Amino acid sequence: MSLQITALSVQRQRRCIVEDVSLATPLAAGSLTALVGPNGAGKSTLIHALAGLLPSSGQLLLDEVPLSALPLRQRSRQVALLPQSLPQSVGLSPYELLLGGLLANGVGRCEAETRIDAVLRRLGLLALAMQRLDTLSGGQRQMVALAQVLARQPRLLLLDEPTSALDLRWQLAVLGAVGEDVRQRGAIGVIALHDLNLALRVCDRVLVLAGGRLQADGAPDAVLDAALLRRVYGISARIEPCSQGRAQLIVDQLLSETHLEVLPS
Amino acid sequence: MSTTLALKMPLSLAQRYHRANLRRAAVLLLLGAALCLSLLWDIATGPSGLPLRDIVQGLLAPESLEVADRVILFDVRLPYTCMALVVGAALGLAGAQMQTVLNNPLASPFTLGLAAAATLGAAMAIVFVPVLPWLPVELLTPLCAFLMALLSTGLILLLLRWHGGGSHSLVLFGIALMFALEALVSLMHFLADSNALEQIVFWSMGSLGRASWPNVLLVAVTLLLCFGLAMRRAWALTLLRSGEAQAESLGVDVTRVRRACLVEVSLLTAVALCFVGTIGFVGLVGPHIARLLVGEQHRYFLPASTLCGALMLSLASIASKSLIPGLIVPIGIVTALVGVPAFMLLILGRRAAA
């Protein structure tokens, strides 16, 4: 399985938010790709365009099949998006939400029950399964939304800042679970992230977006260097190996705006 | 031994969900039973003092009643009671869907200006009836109210199509339109003579007094049709409750669902309104009571809201006939008087239980 993106552009209210994004090599099956960049870089727009929820130009090929040719219902069975906004605090239980999501995507009742049980168990959410969403914290609701995406077992997972409401422990647990799921099933995962250390730790590839354009693409420790961070984020930072041998980002200081080569769109 | 072990085995999630659904189904049954009792009480209430025993006997064997009693029961009380049932149910169902698709707990079937539009239609019919003498006013008034209500929804849908936008734009359009329509209703008040003005005010108060079997049948058929359509969308509406972005990401075509719901709610409300006038509060509070009782899984929430609406209007109908002996107070006035205490009791009871 692979996802090829060629000359993808997205316009919103006559403004080009994502411009001519093309990948040199397709995103491969079983890989987790981080989509990083400063605020306003176009990450969420790109993710929504990949999910087919925003009109775009260019080509998106999932296993050589153009995604734009698929009707919304069929596309949502193959592509699952975790939006940045959390599920609302309403009188529904996580179990109902997951069940509704699966039934709406054509999964049979028995199969849905098995999948829900497995995914809630994997994410440690069994105790919350029958509680109402309006009694859960923001982080717990974000976990429920993630469980909904994983339960659908899509071929392409698109996660828009899935750890924004989570503490350090759950950030690692959640991204670990996503990585495991993607690798086990041979799916493709794309995650919009702000935390570059998380990207370095769990992702196989990183796409750096700024000003709506692709600035860099490759393995995280090869792409994220001091020059790029200065140019894109306007910070002075280093990537150094930690005691466990992994690369980690150390931020030294904030630089003045004159160091920014790509201004937010 | 094995029985003891089986008893100690924790229930699976599916079993717990099934149990929760059984509890909700039991609540629906209780609501249905309460509604039946309320309907019976409503039939038995009236100025002519027909005893309950005669009513039950008459319902089972109509020929056992004297002609006068038969006329009272079948031509006056039953259409009145059935109208309360179907109109209340229609407003409850419409309110539940409006609150979901507009993502707004203050939404009701009248949020987008339907009541103002229907009142304008009725007022136009009443004021201009001397101009159209070939149409009887009993037919013209509901017809104009119905057409005007549908016209206002058509206008909202056109604006939405032209401008785009989500539930917030929709509510803003509705409120703007409501103000414009209310201004036109005031203009009708200004143009009307004292007799017409009295009729317009009385119409806008809401009354079941215009109930007849053909009217009841028309509202009932529309209600059944719309209920079926709403239940087909129950899972989509449930997912929409978790958020527009969440529902869209799950493959729910939010724009289409919203548009379909608006058309259906307009039809339902317009048909109900045109025969009884403006009956507020039921469509706003009925869904809230249903939500407190069964949660927001729409396969249970929609029927519960329908039953709550019917029960509220049925109780209001009883109150409207009992408040002042020998006089039927317009039901639109009574709905809030009955609904507010019931709603407050539910909220307070829930807080005490928590």
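## Basis of the description

This is a predicted model, in which local features need pLDDT of at least 70 and side-chain atom pairs count only at pLDDT 80 or more, whereas totals for chains, interfaces and linings use all residues. Residues are numbered from 1 along each chain as its sequence is written, chains are lettered from A and ligands numbered from 1 in the order in which they are written, and side-chain values use heavy atoms, with hydrogens and water left out.

## The contact between chain A and chain B

Chain A brings 33 residues to the contact and chain B brings 26 residues, contact being taken as heavy atoms within 4.5 Å. The area buried between the two chains is about 2500 Å², and carbon and sulfur atoms give 59% of it; buried area here is the accessible area (1.4 Å probe) that two parts lose on being put together, summed over both. Within chain A, the residues that lose the most area to chain B are A:Gln88, A:Glu96 and A:Met130, which together account for 22% of what that side buries.

One salt bridge is counted between chain A and chain B, a salt bridge being a side-chain nitrogen of Lys or Arg within 4 Å of a carboxyl oxygen of Asp or Glu. A:Glu96 forms a salt bridge with B:Arg24, and their closest N and O atoms are 2.6 Å apart. On the side of chain A that touches chain B, the elements that give two or more residues are helices H2 (72-78), H3 (94-104), H4 (109-122) and H5 (138-151), where helices (H or I, at least four residues) and strands (E, at least two) are DSSP runs numbered from the N terminus. H3(A) gives the largest share of that side, eight residues.

Strand S8 (residues 156-160) of chain A is mostly covered, with five of its five residues buried; buried means under 20% relative accessible area, exposed over 50%, and partly exposed in between (1.4 Å probe, protein chains only). In a regular strand the side chains alternate between the two faces of the sheet. Both faces of S8(A) are covered, with A:Leu156, A:Leu158 and A:Asp160 buried on one side and A:Leu157 and A:Leu159 buried on the other.

S8(A) pairs in the parallel sense with strand S7 (residues 79-82) of chain A over four bridges, pairing requiring that DSSP finds at least two bridges between two strands. A:Leu156 is the bridge partner of A:Val79. Strand S9 (residues 188-192) of chain A also runs parallel to S8(A), joined to it by five bridges, and A:Leu159 stands opposite A:Ile191 in S9(A).

## Salt bridges within the chains

Over all chains, a search of the whole structure finds 18 salt bridges. One of them links A:Glu111 and A:Arg115, whose closest N and O atoms are 2.9 Å apart, and both residues lie in helix H4 of chain A, four residues apart, about one turn of the helix. A:Glu111 is partly exposed at 39% relative accessible area, whereas A:Arg115 counts as buried at 15%.

In helix H6 (residues 168-185) of chain A, A:Asp181 and A:Arg185 are likewise four residues apart, about one turn of the helix, and their side chains meet in a salt bridge (3.1 Å, N to O). A:Asp181 is buried at 4% relative accessible area, while A:Arg185 is partly exposed at 29%. A:Arg122, A:Asp181 and A:Arg185 are linked in a network of salt bridges.
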